[in-house]
Amino acid sequence: MSIKLINVGFGNIVSASRIVAIVSPESAPIKRVINEARDDGTLIDATYGRRTRAVIITDSGHVILSAVQPETVKHRLQTKEASGSGEEEG
């Protein structure tokens, strides 16, 4: 069994099989999810100080902030599923 990894920006990698949702951060409900995760200690900020463009929610309840567009993360996820490779190129 190979683990598929997805680059979510700046060399940060997430296990593709753990991703439940990739959403835009603009809506009020998603802002509440981010604030609750921050309060609970389950927020992972992978933006390196840049603007948050995608919010990745995992099956473990962790919320990951990414500086890449949701469409880009989706494309990387689909590319990994099609290739079947467990490694992520830069």
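Student: Let me start with charges. Which side chain meets Asp59 in a salt bridge?
Tutor: First, the general idea. Side chains of opposite charge can pair when their charged atoms come close. Now the case here, in a predicted model. Asp59 and Arg18 meet through their side chains in a salt bridge, at 2.6 Å from N to O. Asp59 sits in the loop between strand 5 and strand 6 (63–66), and Arg18 in the loop between strand 2 (13–15) and strand 3 (19–23), so the pair ties together parts 41 residues apart in sequence.

Student: How many salt bridges does a search of the whole structure find?
Tutor: The search finds 2. In the other pair, the side chains of Glu26 and Arg51 meet at 3.6 Å, N to O. Glu26 is in the loop between strand 3 and helix 1 (28–40), while Arg51 is in the loop between strand 4 and strand 5, so this pair ties together parts 25 residues apart in sequence.

Student: What does relative accessibility say about these four residues?
Tutor: Take them in turn. Asp59 has 47% and counts as partly exposed. Arg18, at 38%, is partly exposed. Glu26 has a relative accessible area of 47%, so it is partly exposed. Arg51 reaches 52% and counts as exposed, because the cut-off is over 50%.

Student: Now the fold. How many helices and strands are there in the chain?
Tutor: There are 2 helices and 6 strands. Read along the sequence, they follow the pattern β-β-β-α-β-β-β-α.

Student: Which residues make up the largest nonpolar core?
Tutor: To read a core, look for buried nonpolar residues joined through their side chains. The largest one here has 11 residues, including Ile6, Val8, Ile19, Ala46, Ile56 and Leu77. Another core, of 6 residues, lies apart from it; Ile30, Ala37, Val63 and Leu65 are among them.

Student: Is Thr47 buried or exposed?
Tutor: Thr47 is buried: its relative accessible area is 2%, and buried means under 20%. Its place is in the loop between strand 4 (43–46) and strand 5 (54–58). Its side chain makes a polar contact with the side chain of Asp45, at 2.5 Å. Beyond four places in sequence, Thr47 touches Phe10, Thr52, Leu65, Ser66 and Ala67.

Student: What share of the 90 residues counts as buried?
Tutor: The share is 30%. The chain exposes about 5,500 Å², and carbon and sulfur atoms supply 50% of that.

Student: What is the mean pLDDT of the chain?
Tutor: pLDDT is the predictor's confidence in each residue. The mean here is 91, and 87% of the residues reach 70 or more. Over residues 85–90 the pLDDT is below 50. That stretch has 13 contacts in the model beyond near neighbours in sequence.

Terms used
Residues numbered from 1 in each chain as written. Predicted model: local features only at pLDDT ≥ 70, side-chain atom pairs only at ≥ 80, totals over all residues. Heavy atoms only, no water. Helix = DSSP H or I, 4+ residues; strand = E, 2+ residues; numbered from the N terminus. Buried < 20%, exposed > 50% of the residue type's maximum accessible area, 1.4 Å probe, protein only. Polar contact = N/O pair within 3.5 Å; in protein donor to acceptor, adjacent residues only side chain to side chain. Contact = heavy atoms within 4.5 Å. Core = buried A, V, L, I, M, F, W, Y, C linked by side-chain atoms within 4.5 Å. Salt bridge = Lys/Arg side-chain N within 4 Å of Asp/Glu carboxyl O. Areas by Shrake-Rupley, 256 points an atom, 1.4 Å probe, with all protein chains shown as cover. pLDDT = per-residue confidence, 0-100.
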